[in-house]
Amino acid sequence: CAEPRPATTQNCNTHACEGYGWVEYDWRACSQSCGGGTQTRLVRCESPSGQGVAVGYCRGPIPLAARLCNTQPCATESYEWEANNWGTCSATCGGGMQSRTVECVSSSGTAARRAAAEACNRGQLNAYRPSAQVWLTVNVPKPSQPARSRVTRRPA
């Protein structure tokens, strides 16, 4: 046969079936609490008896099965050093030592945890004690390393 062969199959009854439709289930929890996450849900074409069937049975576009959620920016917490008052000097003359508590504190007012303490450990904490004319410099490079301090006396 020289001519093209006639078709052996064709589509038929292409109209949507009655009673079939899209079923949209509840949205799942967002994948992120802030900064942009995704919510998903099950969407399927169902028969009148509730059975999932091929999408060709349902009319119209497929409803969304995913969407963005919690797109607001995440709040950034800041950290800073909080130094308490100096304690009593260890000597009344000839040079003594004073100490105080210094903590890395978050903007929410809570003491920073070890991992968060790195936010404060980016430089030096300088404190001047006017009555003794002493500068205290504390270098804290990382929470895993011990703090180093240096006391220097400045000329009056």
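A disulfide joins Cys34 to Cys74, with an S to S distance of 2.0 Å. The model is predicted. It holds three disulfides. Cys89 is in no disulfide.

**Cys34 and Cys74**
- The torsion about the S-S bond is about 105°, so this disulfide is right-handed.
- Distant parts of the chain are linked here: Cys34 sits in the loop between strand 1 and strand 2, and Cys74 in the loop between strand 4 and strand 5 (79-83), 40 residues apart.
- Cys34 is buried at 18% relative accessible area, whereas Cys74 is partly exposed at 38%.

**Cys30 and Cys69**
- The sulfur atoms of Cys30 and Cys69 are 1.9 Å apart and form a disulfide.
- This link is right-handed, with 85° about the S-S bond.
- Cys30 lies in the loop between strand 1 (21-24) and strand 2 (37-40) and Cys69 in strand 4 (66-69), so the pair ties together parts 39 residues apart in sequence.
- Cys30 counts as partly exposed, at 22% relative accessibility; Cys69 counts as buried, at 9%.

**Cys45 and Cys58**
- Cys45 and Cys58 form a disulfide with sulfur atoms 1.9 Å apart.
- The link is right-handed, at 95° about the S-S bond.
- Cys45 is in strand 3 (residues 43-46) and Cys58 in the loop between strand 3 and strand 4, 13 residues apart.
- Both Cys45 and Cys58 are buried.

**Cys89 and Cys93**
- For Cys89, the nearest cysteine sulfur is that of Cys93, 9.6 Å away.
- For Cys93, the closest cysteine sulfur is in Cys89, too far for a bond at 9.6 Å.
- Cys89 is partly exposed at 35% relative accessibility, while Cys93 is exposed at 63%.

Key: Residues are numbered from 1 along each chain as its sequence is written. This is a predicted model: local features need pLDDT of at least 70, side-chain atom pairs count only at pLDDT 80 or more; totals for chains, interfaces and linings use all residues. Side-chain values use heavy atoms; hydrogens and water are left out. A disulfide is a pair of cysteine sulfur atoms within 2.5 Å. Helices (H or I, at least four residues) and strands (E, at least two) are DSSP runs, numbered from the N terminus. Buried means under 20% relative accessible area, exposed over 50%, partly exposed in between (1.4 Å probe, protein chains only).
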